[in-house]
Every structure is written in C-alpha cells, then in structure tokens.
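Student: I would like to go through this model with you, one question at a time. Where do we start?

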Amino acid sequence: MEMLTPTAAWAADEHRMFTDAVRRFFADELVPNMERWTEQGVVERGFWEKAGAHGIMGGAVPETYGGAGGGLAFDAITLYEQGRVGDAGWGFGIQSIVIHYLLAYGSEEQKQRWVPGLVSGDKVAALAMTEPGTGSDLQAIRAFAEKDGNQYSLNGSKIFITNGQTADLIVVAAKTDKSEGARGMSLIVLETEGAEGFRRGKNLKKLGMKANDTSELFFEDVKIPRTNLLGAEEGQGFYQLMKQLPWERLVIALTALGYIDYALSETIGYVQERKAFGQRIMDFQNTRFKLAEMKTKAEMLRAFVNDCIVKAEAGTLDPATASMAKYWGSEVQNEVMHECLQLFGGYGYMMDYPIARLYADARVQMIYGGSNEIMKELIARSIDV
C-alpha cells in the first residue's frame with residue numbers, strides 16, 4: 001500500500017506509528033460508513049468524537065491544548081490517509097485549518113477555550129470566507145461586524161461553507177471598517193449554540209463530495225463578544241488569511257495525492273482481472289503506458305508534497321510554492337481520475353465502482369482554496385518581480 005512518505009526527510013518512527021494508527025482507525029470506522037454518509041449528506045457527529053478519542057486530530061497540536069505536541073506532518077498524514085481510502089466527506093481538512101488559525105492568532109484564553117474541543121471532536125469547526133458574488137476575491141466581502149458596546153453585531157451571508165450544517169465554531173471573515181479595503185477585514189469567532197440571528201441554509205446539493213455538509217450561512221444582527229476577535233486588533237484578517245492559506249493549499253495537494261494513490265490501486269486491480277479480446281486489459285500497451293504516465297506523475301507530486309511538508313514544518317512554505325502544490329496536485333488528480341475512469345470502460349461510469357465517485361469528487365479541488373487560475377497568477381507574481 002502506498003504511503004505519503006516511506007523515506008522523506010521529515011519522517012520518523014513516530015510518524016510511521018501514527019500512520020499505522022490512522023489506517024487502522026479509518027479501516028474500522030470510516031470506510032464501512034462512507035456509503036451511508038454519502039446518502040445522508042453528512043458525517044455523523046459520533047465519528048468526530050471517535051476520531052478525537054483516537055488522537056487522529058491532535059497530532060499537530062501542543063499538549064497544552066489536548067494534542068500530542070507534534071508538527072504539521074501529523075495532520076498531513078491524516079489528510080493523505082483520508083484520501084488514500086477514497087473519502088471526501090469528513091471535513092477534517094477545515095478542522096485542521098481552523099485549529100491552526102486559533103493556534104497562530106488566538107489569545108491564550110481563546111486557545112484554552114476552543115482548541116481542546118476541536119481536538120477531541122466535541123466541537124466541529126468551519127471557516128466562513130466565501131460570499132455570493134465574491135469567490136476568490138476576498139477583499140470584496142460584504143459581511144459587516146459593527147461595534148455594539150462590548151459586542152459585534154454581525155450581518156451578511158456566506159456560501160459554500162464546509163461543515164456548514166454541523167459547525168459549532170465558525171471563523172468568520174467580516175469587514176470591521178467599511179472605509180478600508182483589505183485593512184478593514186477581521187476574523188471573528190462565532191459560537192453557534194444559542195446564537196440569535198444565525199441561520200444555516202440547506203445542505204447544498206453538489207456534483208461530488210456528497211457526504212460533506214456544505215451550506216449557506218446567514219447572519220442577521222448576530223451578537224458576538226468583541227473578545228472573540230482573532231488577533232490583538234481589528235483589521236488583521238486579510239493578513240491572517242494570507243499567512244494561513246499556504247497550509248490550506250497544501251491540504252488540497254495532500255488529499256489529491258491520497259485520492260490519486262487510491263484511484264491507481266483500484267484501477268490496477270481492475271485491469272489485471274478484466275479481460276477483453278482474449279487478454280487482460282493490463283496486457284494492452286495503451287493500458288500499460290497510461291498507468292506508467294499516471295504513476296510517474298504521482299511520484300513527482302509525492303516528492304513535491306514531501307518537500308512542502310518540510311517547509312511547512314519549518315515555517316518557510318511560501319504562498320507561491322503552496323500555490324504550485326495546490327495547482328499541480330489538483331490538476332494531476334483530475335487527469336488521473338479521467339484516465340482511470342476510461343480504463344474501467346462502461347463500468348467506470350457506474351456508481352457501484354469508486355472511480356465514478358472519485359471522478360466527481362476531484363473536480364472541485366481545482367476551484368476551492370483559490371481557483372487554479374488564481375494560483376497561476378500568484379505563481380506568476382513570484383516570477384515577475
């Protein structure tokens with residue numbers, strides 16, 4: 001079975017032990033439930049709690065806040081292994097991103113208050129950036145948090161929010177100063193329980209990732225304590241987002257590699273068994289050449305992703321490199337799903353075979369986290385200096 005890394009510079013014995021533990025947990029608790037959660041359109045809360053109890057979400061969190069005290073590589077392993085079993089429903093990617101926002105920008109009181117619950121799975125997190133009409137243009141957001149005594153009064157809406165139906169804790173990007181552009185944005189944490197004026201829209205119907213609850217969120221004079229501001233002062237939100245987006249984009253590349261490895265494994269097994277014109281599909285030169293091309297691209301991506309993990313652990317993963325990983329990883333993922341489905345023939349179009357679901361799940365990877373067109377622009381800016 002493929003691994004994120006058997007030999008990379010960042011890998012140590014504890015990473016291999018953690019990989020084994022995550023694989024056993026996913027085999028026992030995730031894989032048997034994937035189809036049911038796809039039909040439900042949401043992963044059950046009990047799974048989050050089990051993942052927390054098994055330490056799956058806390059590898060990269062300091063012990064002070066309920067974690068194991070390791071580096072980002074532990075989250076990378078969890079994300080890759082989730083892709084490696086073909087799951088796109090469990091929203092741990094966003095949970096990890098929010099945890100690291102809190103660790104980076106939260107006060108000590110905020111970290112003690114929120115992070116342990118996210119690590120244990122008692123709380124589910126969401127990150128609310130995108131709005132109808134804004135897409136990747138974060139500076140154009142219109143959600144507004146107005147000072148109201150010792151509170152903010154939040155108004156606006158968000159769309160395409162992962163974990164939107166289940167989130168207890170939502171990091172909301174909102175303007176705190178309408179007269180400013182990027183410098184007028186702040187990140188404010190909304191605790192959803194009992195929040196008057198907060199409303200979740202319906203669970204959105206999507207092309208893929210059907211087990212992941214994705215929603216519109218609405219805020220009508222929602223009162224949030226001003227102490228829930230992330231950072232020491234207002235106006236830091238855009239800077240905070242930009243500093244954390246490299247990890248978010250690496251998350252997409254990591255999951256892409258996991259899905260690729262899973263798709264290749266399933267496809268190789270199929271073409272070795274399936275026969276046509278008196279021979280295995282594997283024995284046709286076209287099949288062998290296609291698999292050779294895909295395997296090569298997978299290994300190139302694996303080497304790049306592992307290098308990015310080293311940089312992320314050292315705090316040196318820059319936006320351009322992370323953009324390359326997200327762009328290249330998601331493009332290769334979609335290419336591989338396309339080619340693998342073709343090798344399955346008509347059966348590849350049937351939902352009885354996982355490649356059909358993987359094909360649908362892959363498409364959004366080129367859109368969210370910043371579209372690949374935006375990634376190319378960011379990469380180009382690093383060249384044109």
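Tutor: Start with a term. A pocket is an open set of grid points with protein on both sides within 12 Å along at least five of seven lines, and its lining residues have an atom within 4 Å of a point. Keep in mind that this is a predicted model.

Student: Which helix gives the largest share of the lining of the second largest pocket?

Tutor: The pocket has a volume of about 710 Å³. Its lining counts 31 residues. The largest share, six residues, comes from H10.

Student: Which class does the lining of that pocket hold 16 of?

Tutor: Seven lining residues are polar and eight are charged. The class with 16 residues is nonpolar.

Student: Why is H10 largely enclosed by the rest of the structure?

Tutor: Buried means under 20% relative accessible area. H10 is largely enclosed because buried residues make up seven of its nine.

Student: H9 also packs with H11. What is the hand of the crossing of H9 and H11?

Tutor: H9 (319-344) and H11 (372-383) pack at an angle of about 145°, with axes 9 Å apart. The hand of their crossing is left-handed.

Student: How many residues of that contact are charged?

Tutor: H9 brings residues including Lys326 and Glu331, and H11 brings Lys376 among others. Six contact residues are nonpolar and four are polar. The charged ones number three.

Conventions:
Residues are numbered from 1 along each chain as its sequence is written. This is a predicted model: local features need pLDDT of at least 70, side-chain atom pairs count only at pLDDT 80 or more; totals for chains, interfaces and linings use all residues. Side-chain values use heavy atoms; hydrogens and water are left out. Axes are lines fitted to C-alpha atoms, for helices over the stretch in contact, and angles run from 0 to 180 degrees between N-to-C directions. Helices (H or I, at least four residues) and strands (E, at least two) are DSSP runs, numbered from the N terminus. A crossing is left-handed if the near helix is turned anticlockwise from the far one by less than a right angle, and right-handed if clockwise. Contact means heavy atoms within 4.5 Å. Ala, Val, Leu, Ile, Met, Phe, Trp, Tyr, Cys and Pro count as nonpolar, Asp, Glu, Lys and Arg as charged, and the others, Gly among them, as polar. On a 1 Å grid over the protein atoms alone, a cavity is a set of points where a 1.4 Å probe fits but cannot get out, and a pocket is an open set with protein on both sides within 12 Å along at least five of seven lines; lining residues have an atom within 4 Å of a point. Grid points are joined across faces, edges and corners, and a volume is the space filled by probe spheres set on the points. Buried means under 20% relative accessible area, exposed over 50%, partly exposed in between (1.4 Å probe, protein chains only).
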